[in-house]
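Let's take a friendly walk through a protein model together. Keep the structure in view as you read, and look up each residue when it comes up.

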Amino acid sequence: SYLRSPPLRYSHTHTHTHTHTHTMAHLLEVVEWKGDEASGVLHLIDQTLLPVETKVIECTDVERVWDSIKRLAVRGAPAIAIAGAYGCVIGSRAEKPHREAFAKAADYLSTSRPTAVNLFVALDRLRKAVAQFEGEDDAIPALLLREAKHFHEEDRESCSAIGRNGVTVLKELGLSEFSLLTHCNAGALATGGTGTATAVMYEAFSKGIPLKVFADETRPLLQGSRLTAFELQSAGIDVTLITDNTAAKVMAEGKVNGVVVGADRIVQNGDAANKIGTYGVAVLAKYHGIPFIVAAPLTTFDPKKESGDDIPIEERGKEEVIRGFGKLTAPESIQTYSPAFDVTPSDLITAIITEKGIIKPVTKENVMNHLKQHGYA
């Protein structure tokens, strides 16, 4: 059951026809838990409909959460993880014993999307909490809700810290004004807070640092135009939308002095999986001598995998390519190849920013030291 509501504080009609300026607080609740552990409901903004419509999906069963993750109604590695954690609360109360219902829900949710590691980090954290819990079975849903809310709050705080560290690293690279290019949406719409890549932008904006952003539209699902351009413009930031194949030209024209992107999984050697097209942007940045920064929380790191070759890459169906938004744009019988992610090799990455600091240069030794220092490896 879809509920119409204006969680982004747009006008009370749900179709957006003109520009509004918001404070950042209005952009944050893409994943929201309403109520207690017994009868609470997970609200997700359906991001497949943005920026034209703001609809809230009411999740009262774990299948609805799984489907929302699978079809990208909720997307962005941190937001997927938060939704998955709340999904476990819903799944755990479906039957008794609650421990078994939870285990089943966690296993089921882990089959939704394979690349973003944050979801698996969240599910493992909940499994550990349940394994260590010695209380009554009836208390399991309440335990899971506490853990899920804690995970959500942690992500909110880590976004702010990433923003601060990102501004620090760009200043250290000699930039006094920022003209940044970003790809996909590593924004407030992808996290529990102000985003990862966009957190750097919001932080610079709030500090009065001159800021301009170029947002790649990001084919085939246009997360850059539908989501990043939408949220940055809503926050009052100077943002220019470009097609993906314009990135090289704006770099050659000297209009970009930094690239900041998010990530879905970062491995031991610093290779980073992110939305398809990110690797190409990194190659362009290297050629033009532009710093390429990856912004991600520690929950995005996978210390078990050695290099980018070990990262499972999700492939999407051909409908998204040939009929992306309802209109057929290719022969219907054409073959397509549509990986959702690519891997940027660490030697193209100037620095990785986390909530705990800055990894620079990006080497296996520096990545693993950073993770060990903060209890993630």
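## Finding your way around

Helices and strands are DSSP runs, a helix having at least four residues and a strand at least two, and they are numbered from the N terminus. What you see is a predicted model. The chain averages a pLDDT of 93, and 93% of the residues score at least 70.

In soluble globular proteins, nonpolar side chains tend to be buried together. Here the largest nonpolar core has 42 residues, and Val-31, Leu-42, Leu-44 and Tyr-86 have the most contacts inside it. Helix α2, residues 77-92, supplies the largest share of this core, with 10 residues. A second, separate core has 29 residues, among them Phe-301, Ile-352, Val-367 and Met-368.

Beyond its neighbours within four places in sequence, Val-31 is in contact with residues including Leu-42, Leu-44, Val-74, Ile-82 and Tyr-86. His-43 and His-152 are also among the contacts of Val-31.

## Cysteines without partners

How many disulfides does the structure hold? The number is zero. A disulfide is a covalent bond between the sulfur atoms of two cysteines. To count as one here, the two sulfur atoms must lie within 2.5 Å. For Cys-88, the closest cysteine sulfur belongs to Cys-59 and is 13 Å away, so it is too far for a bond. Cys-159 has its closest cysteine sulfur in Cys-184, and that one is also too far for a bond because the separation is 15 Å.

Where do these residues sit? Cys-88 is found in helix α2 and is buried, with 0% relative accessibility. Leaving aside neighbours within four places in sequence, Cys-88 is in contact with Phe-102, Ala-106, Leu-109, Leu-123, Leu-126 and Leu-144. Cys-88 and Leu-123 are 35 residues apart along the chain, yet their C-alpha atoms are separated by 8.1 Å. Cys-159 is buried too, with a relative accessible area of 1%.

## A covered helix

Helix α7 runs over residues 223-234. At 1.5 Å a residue, its 12 residues should span 16 Å, and the end C-alpha atoms are 15 Å apart, which agrees.

Is α7 mostly covered or mostly uncovered? It is mostly covered, with 11 of its 12 residues buried. Those buried residues include Gln-223, Arg-226, Leu-227, Phe-230 and Glu-231. The cover over them includes the strands β5, β6, β7 and β10, along with helix α6. Just after α7, Gly-236 takes a positive phi of about 90°.

## Two side chains to compare

Phe-120 lies in helix α4, residues 118-132, and is partly exposed, with a relative accessible area of 22%. Not counting residues up to four places away in sequence, Phe-120 touches Ser-110, Arg-113, Pro-114 and Arg-265. The C-alpha atoms of Phe-120 and Leu-109 are separated by 9.2 Å.

Glu-320 lies in helix α10, residues 319-322. With 17% relative accessibility, Glu-320 counts as buried. A polar contact of 2.8 Å joins the side chains of Glu-320 and Arg-316. Apart from neighbours within four places in sequence, Glu-320 is in contact with Pro-220 and Leu-221.

Most residues other than glycine have a negative phi, and most peptide bonds are trans. Leu-72 is not a glycine, but has a positive phi of about 70°. Leu-72 is found in the loop between α1 and α2 and is buried, with a relative accessible area of 7%. Cys-184, again not a glycine, has a positive phi of about 65°. The loop between β5 and α6 holds Cys-184, which is buried at a relative accessible area of 7%.

Which peptide bonds are cis? The bond from Leu-50 to Pro-51 is cis, with omega near 0°, and Pro-51 lies in the loop between β3 and β4. A cis peptide bond also joins Lys-360 and Pro-361, where omega is about -5°. Pro-361 lies in the loop between β15 and α11.

Definitions and conventions: Residues numbered from 1 in each chain as written. Predicted model: local features only at pLDDT ≥ 70, side-chain atom pairs only at ≥ 80, totals over all residues. Heavy atoms only, no water. Buried < 20%, exposed > 50% of the residue type's maximum accessible area, 1.4 Å probe, protein only. Polar contact = N/O pair within 3.5 Å; in protein donor to acceptor, adjacent residues only side chain to side chain. Contact = heavy atoms within 4.5 Å. Expected span 1.5 Å × (residues − 1). Core = buried A, V, L, I, M, F, W, Y, C linked by side-chain atoms within 4.5 Å. pLDDT = per-residue confidence, 0-100.
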